[in-house]
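I opened this notebook to record what I looked up in one structure.

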Amino acid sequence: MTPLLFTDCRGAMECPKLPPHAGAVLSVVDMHTAGEPLRIITGGYPDAPGDTVLAKRRYAREHLDHLRKVVMREPRGHGDMYGAVLVKSELAAAHLGVLFMHNEGYSTMCGHGVIALGRFAVDYGLVKAPTSPETQINMHCPCGLVKAFVEYSNGKTGAVRFHSVPAFAFATDVKVTVPGCGDVVVDISYGGALYAFVNAGTFGLDVTKSRTRDLVDAAIAVTKAVKSQVKLHHPVSEDLAFLYGTILTDGKDAFTDEPTANVCVFADAQVDRSPTGSGVTARIALQYHKGLIQLNQTRSFCSGTTGAMFTGKAVQETTCGDFQAVVVEVSGHAHYSGVACFTLEDEDPLQSGFLLR
Ligand SMILES: O=C(O)[C@H]1NCC[C@@H]1O
C-alpha cells in the first residue's frame, strides 16, 4: 500500500468552525465498502418513534424524509449516495438498530452497510469491551437480526463478516415481458430484500465491460416488468414484500473457485459500487436452491462496476415460513472516508436537495 497522499493533520489542525448563522446541523461519518458509500448520521437526527424497527422505518418515510433528502441528495450527496441512521431496537439480543436510506427511500437490508457499521460500532464504542480476534455485533436491520463479526486486534478493526436473515429463492424461471426485449426469464430471490436476477447476456451485455448506462437501462426494464407482472410476498412482513432491484450477472452460477461478477441496480436507478451484500446473500440462496453450491463452499463475488470483491457461502439450512432457506455469510472490507457537518439554512431555496440524471 502506498503511503498517505496527504499529510495527516489530526492534532495539528481543527476542522473549520461554522459561522453562527449557518443553520441547522447534521453530522455524519462517511465510509465506503468496496467503493459503495455509507454516510452514517451521527447527530441532528431525532429519535424515530415506533415499537419496532420496521415501525420506525415507516415513521422515517412519512415524517423524516426531509432529512434523508438533505444527506442523500445534491448538493450534499448525489444520486448514488447511501446512508444509515442508528435507532433503538426492540430486540433484547440486538446491540443496535439501524435504518438504511438511499436515493428514493428506505431499504430493508444493506450488506455493505452492515460491513461498514460493524467497524464503526467497535471504533466508536457502541459495544462495551470488544473481544479479539473478532467482536460480534447484533444489528437489528429492518429485515431482522443480522450478526456481524468484526476482526479486532491491537485496538484496530478489520474485515467484517455477517450472517444475514434466512435467505430463500422466492421463484425461479419466471417469464416476464420486457418492452423492447420480449419475454425474459428471471429468478427472484430474497437476501433481506427481494431481487430479480438475470444473466446480462440476455440483453447482449457484459457486466464487466458494458457501459453502466446500458446495464442500468436493462436492469430498470426488468425491475419494472417484475413489479407489474409478479405478485410478491414475504412470510414475516408485508413491509419486506417489494422488489428492491435487479441484479445482472455474468451467469457463472455453478460452483468454481473463479469469481463471478454482478451489477445491482436498485431504488431509483441507483447503482451499487460493491458486489451488494444482500444481493450476494440472495444469489447464494438461489445457487443453493438450484444445487449449484454446497454448504460452506466459499465463492468470490466481484462488482462489475469497480472490480471490488466480497466472499460468501451458505452456512446453514433453515426455513422462512414455507420457504426452504439458508443462512448466508458474506465477508468484506470497509474504509473510513471522512467526517462532515452539514448545514441547512432557513433561506436556502433548495432545502430538499435535488438529483441530476
Ligand atoms: O450491500 C448491500 O446489500 C446494499 N448496497 C446497496 C444496495 C444494497 O442495499
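**Entry 1**

I note at once that the model is predicted. Aspartate 214 forms a salt bridge with arginine 211. In this pair the closest N and O atoms are 3.2 Å apart. I then looked up arginine 211, which counts as exposed because its relative accessibility is 52%, and exposed requires over 50%.

**Entry 2: A pair across the chain**

I turned to aspartate 250 and arginine 283, whose side chains meet in a salt bridge with an N to O distance of 3.8 Å. This pair links distant parts of the chain, for the two residues are 33 residues apart. I located aspartate 250 in the loop between strand S12 (243-249) and strand S13 (260-266). Arginine 283 belongs to helix H5, which covers residues 277-289.

Arginine 283 has a relative accessible area of 0%, so I recorded it as buried.

**Entry 3: A buried pair and the total**

I next examined aspartate 30, which forms a salt bridge with arginine 39. Their closest N and O atoms are 2.9 Å apart. Both aspartate 30 and arginine 39 are buried.

How many salt bridges does the structure hold? I recorded 14 salt bridges. I also noted a network of salt bridges that links Asp65, Arg68 and Lys69.

**Entry 4: Threonine 135**

Threonine 135 counts as buried because its relative accessibility is 4%, and buried means under 20%.

Which residues are in contact with threonine 135, leaving aside its neighbours within four places in sequence? I listed Val122, Val127, Pro130, Ala148, Phe149, Val150 and Tyr152. I also checked the side chain of threonine 135 and found one of its polar atoms 2.8 Å from the backbone oxygen of threonine 131.

Finally, I compared threonine 135 with glycine 35, which is 100 residues away in sequence. From C-alpha to C-alpha, these two residues are 24 Å apart in space.

How values were computed: Residues are numbered from 1 along each chain as its sequence is written. This is a predicted model: local features need pLDDT of at least 70, side-chain atom pairs count only at pLDDT 80 or more; totals for chains, interfaces and linings use all residues. Side-chain values use heavy atoms; hydrogens and water are left out. Buried means under 20% relative accessible area, exposed over 50%, partly exposed in between (1.4 Å probe, protein chains only). Contact means heavy atoms within 4.5 Å. A polar contact is a pair of N or O atoms within 3.5 Å; within protein, one must be able to donate a hydrogen and the other to accept it, and residues adjacent in sequence count only if both atoms are side-chain atoms. A salt bridge is a side-chain nitrogen of Lys or Arg within 4 Å of a carboxyl oxygen of Asp or Glu. Helices (H or I, at least four residues) and strands (E, at least two) are DSSP runs, numbered from the N terminus.
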